Every structure is written in C-alpha cells, then in structure tokens.
Amino acid sequence: MALEIRSIKGTQDILPSESYQWQFVERLFLDMAKNYGFSEIRVPVFEDKNLFIRSVGDTTDVVQKEMYTFTDQGGRELALRPEGTAGINRAVIENGILNEALPAKLCYNISCFRAEKPQAGRYRQFHQLGMELFGAHSPAADAEVIAFVDEFFAVLGIQGISLEINSIGCPTCRKEYHKALKEYFSQHKDELCETCLTRLEKNPLRILDCKSPVCREIAKDAPVGLDYLCDDCKTHFEGLKKRLDALNIAYTVNPRIVRGLDYYTKTVFEFVSGDIGAQSTVCGGGRYDGLIRSLGGNDQPGIGYAMGIERLLMTLKAQNIEIPKPPTCDLYIASIGEDASLRAMQLTALLRGEGFFAECDLMDRSVKAQMKYANKIGAKFSMVLGDDELKNNQAAVKNMETGESRPLSLEEEPFLRFFYDAQIEDLSDSVNEMLKSEE
Ligand code: ATP
Ligand code: MG
C-alpha cells in the first residue's frame, strides 16, 4: 500500500531519533533565560493579517511574498505567524504587561510559517527561540540580549559563529539616509527589480535586503547608514560597543546588515555560522523602539532576536557536537504467565513512581522475544519473573552490559535500593569521565 497523502513541501517531521536534540536545546534555552530574568510567553499561531502587515512592513519580502494568509469561516483575514515579535508585541499591549515592572523580559519557543523556496536551512514551517525585552532605552539592554545568545552558543560548545552588529538609525536620522539612498538607487532605476522599484518610492532601505543578484550588486556601493546617524543613535551604538567590549564579546561592525523586517531601529545584529552554507544566519535581531506605539501601545522601546532552531542544530551537527542521548531503560522486566505479568507491571509502576525508567512486556511475547526487545532498547538491567520468582519473592537481575547476574529481593525497600545504588554509580562514572576529559 502506498501512502497517498504526503507531508507538505517545506515541512519536516521531527522523529523520535532526533527530537531529544530539540528538547535539549529548547530546555537549555528556557533554563538559561531564567537566569537572565526572562519568562516564557506563548501566543497564538495565527493572528489578524494586518498585525504582520503593520509591524513587519508592507514592503518586506515576508509580507509581500512569504506570508500564509487565509480567510476563515467568519470572513476574517488571518495569517499564520511568519515571526514572533509582532504577536508578542500585540499580546504585551493587550495584556497590560508594560504597566507592570519594567523592563519586561519575555522569551519564546515557536513555530513560524513562510512560503519560501525550500532548501537547506530554509523551510516553510520552521522554529525559533527568541527573546523580547521591553521598556529599556539603554544600550545595556541590547548588550544583555546579545550576551545571552553569546553565552548560549558557548554553553553548547559552538565555535565559529561570529557576531555582526550595525545601527540603522531612528526615524530622525533615517530621513536623511533615505534621501541619500533614493538618490543613489534612482541612478540605477533601469536595473532594479520590479519589487525594488516600488521600494524605491516607499522604503528604499528595503532594497538593501533584496535577494536578487542584480539589486545586490548595485546595493554594494550604496550609502552606508552609519554615516547618517544622529547624535543620539551614535551614542547608543558606541554604548553598545563599549558594553560588548567590557563583556569580552567579540563582534564586527557590518554596515550592510539591515535585516528583513521593517520595525527595526538603531541596533541590528546577526550571529552568522561559518559551517552551514548559504543560509548562514542562525540568529538575527535588533531594537524596535517605535513598534509598540505604532500598534497602539505606550511609547515604549523594545529589543529582541530570534534564532532558527533548524540552523542551530545544523551548526551543532557540522561541528560534531554531540547532544547527550536521552537516558535508556533502567530495568526491563520480562515475565512468564499471567501472575508474573501482573507482578511485572506492579514493579514497573513502583520504579516509575520513583522516577526510574522501567518497562515490561505489553505484547504477550515469549521470554526469548522479550529479552530480544530489552536488548534492542538498550536496557541497563533486566529480570525474568516466573512462578519460582513469585514464590521466593526474589529474581535474578542481569546487568545487560556485563552479562553478570545477582539475586535481588522483590521487597520494595531492597529492590529500590539496588536501582538507587546503580544510579549513583552511574553518576560518579560520568563525573569521573568528565573530569578526565577536562584534564
Ligand atoms: P534569511 O535572511 O535567512 O531569510 P531572515 O532575515 O528572513 O533570514 P529573520 O526573520 O530575522 O530571518 O528570522 C530569524 C531567524 O529565523 C533566522 O536567522 C533563521 O535562523 C531563522 N529563519 C528565518 N526564516 C527561516 C526559514 N524559512 N527556514 C528556517 N529558518 C528560518
Ligand atoms: Mg528570510
């Protein structure tokens, strides 16, 4: 029989053999975020389409070409979220979060949807870990979120990801800059792509983010935003650099970074991996001081970033960084006959209740087949229960690695003690290994 309905182009199944890697980076992210004072927010997968048009910007690729939009049964114009910041800004305003203690520090773990051409590192459903920090004007806030990402990569053992920063100014200095860009690109009107011709009128900064090779080539000699910064933006950018220096975080200033979303002001940054090919930006972010107000909230600044989980895992793989495998089964209890099967279930429940990983037969298989399964799942210990074992309340517990067996009482106290002892031994082994590898 052939599978008739297949998965949609650009989507991926995350299989049990790899989901532990996702869980590991997601947990690490959320745990570390706590130490920085960030709490998780969860927002809907779909929103009013206009939320994204207004915040991401109607001249961006994301809105013009990549958004999954649909009309629902009530005639509402909706969109699957292409990114996280818009929805979180909406939620923050709607729920009065900015009336509480500031700065408000939020983090998230979301799926996003963009109708892009699928290729390595680019999917139609993808996943992001990100942060948003509201209410802080100081470049210290920019430095804090960047420092988090830097530490996150370091804890994962990633090397070769470089930080690039830039400032794209504020509405005040951008006026001058837009004028200069317009002047420059007007000289190349005949060569620009269709989309960029409208951008030239509406938002010339967007031309700098165009993916068409011709526009890219032209953009190379375009005026640089850094040359047009007002005093306030200049001081802010210097303040960020000073703090990154103080934290020993290496960076380069890349005046060509503009980012693909319209809401950014002042600081923009990217973490770029040297190991994963063309789609090399693992993490991108920046400041968005006008966004909250433009969506109808107070005049509060914000800064944030999003990191693509797929690209993060690609980088880990490229660098041969092993993510700890999930723990294997502590005990597999095989059984012969109905009574033994019941006892096996009880003992399994007892172990699970203490936090151990235990399994017993669910397939009514022969003992031989049960032991084959125990081997397959990599159980650390196994035991076989039959009439004799039930009568004596004792069974042989077998170390599956060494093959050694020893008698073990099925009384609760000595039974559990055995597995606690094994756990402690395991732990001290891995600590020793760790210390050895650090020598
Ligand atoms: P790119 O230049 O690669 O298209 P972008 O500027 O569109 O990226 P952002 O909107 O800033 O990306 O999203 C932040 C991060 O999310 C990216 O750095 C990347 O890691 C990830 N990302 C964005 N789009 C995709 C996608 N289609 N598939 C996988 N990951 C993505
Ligand atoms: Mg993109």
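Here are some exercises with worked solutions on a predicted model of a protein chain with a ligand.

**Exercise 1. The domains**

Task: Find into which domains the protein chain is divided, and what distance separates their centres.

Solution: 
- Step 1. Begin with domain 1, which is made of two stretches, 16-170 and 230-318.
- Step 2. Then mark domain 2, at 331-430.
- Step 3. Taken over C-alpha atoms, the centres of domain 1 and domain 2 are separated by 48 Å.

**Exercise 2. Around ligand 1**

Task: Describe the residues that surround ligand 1, and say how much of its area the protein buries.

Solution: 
- Step 1. Look at the surroundings: ligand 1 has 14 residues around it, and the closest are Arg-114, Glu-116, Arg-122, Tyr-123 and Arg-259.
- Step 2. Sort the shell by class, and you get five nonpolar, four polar and five charged residues.
- Step 3. Now turn to the backbone. Thr-281 has a backbone N or O atom 3.0 Å from an oxygen atom of ligand 1. For Val-282, a polar backbone atom is 3.0 Å from an oxygen atom of the ligand. For Gly-308, the distance from a backbone N or O atom to an oxygen atom of ligand 1 is 3.2 Å.
- Step 4. Ligand 1 taken alone exposes 580 Å², and the protein buries 92% of that.
- Step 5. Which elements give two or more residues to the shell? They are strand S6 (125-134), strand S10 (281-287) and S11. S10 gives the most, with three residues.

**Exercise 3. A covered helix**

Task: Work out how many residues of helix H4 are buried, and what they pack against.

Solution: 
- Step 1. Locate H4 at residues 85-94; seven of its ten residues are buried, so the helix is mostly covered.
- Step 2. Name the buried ones: Thr-85, Ala-86, Gly-87, Ile-88, Asn-89, Ala-91 and Val-92.
- Step 3. Recall that an α-helix has 3.6 residues a turn, so residues three or four places apart point the same way.
- Step 4. Find the packing partners of the buried residues of H4: strand S2 (46-48), helix H2 (49-56), strand S5 (104-113), S6 and H10.
- Step 5. Past the helix, look at Gly-96, which follows H4 and has a positive phi, near 60 degrees.

**Exercise 4. Backbone exceptions**

Task: Find the cis peptide bond, then describe phi for Asn-248 and Asn-320.

Solution: 
- Step 1. Start with the general rule: most residues other than glycine have a negative phi, and most peptide bonds are trans.
- Step 2. The cis peptide bond joins Leu-102 and Pro-103, with omega about 0 degrees. Pro-103 lies in the loop between H4 and S5.
- Step 3. Asn-248 has a positive phi, near 60 degrees. Asn-248 is in the loop between helix H9 (231-246) and strand S8 (252-253), and is exposed, with a relative accessible area of 72%.
- Step 4. Asn-320 has a positive phi of about 55 degrees. The loop that holds Asn-320 runs between helix H11 (309-318) and strand S12 (331-335). Asn-320 is exposed, its relative accessible area being 67%.

Definitions and conventions
Residues are numbered from 1 along each chain as its sequence is written. Chains are lettered from A and ligands numbered from 1 in the order in which they are written. This is a predicted model: local features need pLDDT of at least 70, side-chain atom pairs count only at pLDDT 80 or more; totals for chains, interfaces and linings use all residues. Side-chain values use heavy atoms; hydrogens and water are left out. Domain bounds come from an automatic or database domain assignment. A residue is near a molecule or strand if one of its heavy atoms lies within 4 Å of it. A polar contact is a pair of N or O atoms within 3.5 Å; within protein, one must be able to donate a hydrogen and the other to accept it, and residues adjacent in sequence count only if both atoms are side-chain atoms. Accessible areas come from the Shrake-Rupley method with a 1.4 Å probe; for residues, only the protein chains shown count as cover. Helices (H or I, at least four residues) and strands (E, at least two) are DSSP runs, numbered from the N terminus. Ala, Val, Leu, Ile, Met, Phe, Trp, Tyr, Cys and Pro count as nonpolar, Asp, Glu, Lys and Arg as charged, and the others, Gly among them, as polar. Buried means under 20% relative accessible area, exposed over 50%, partly exposed in between (1.4 Å probe, protein chains only). Contact means heavy atoms within 4.5 Å.
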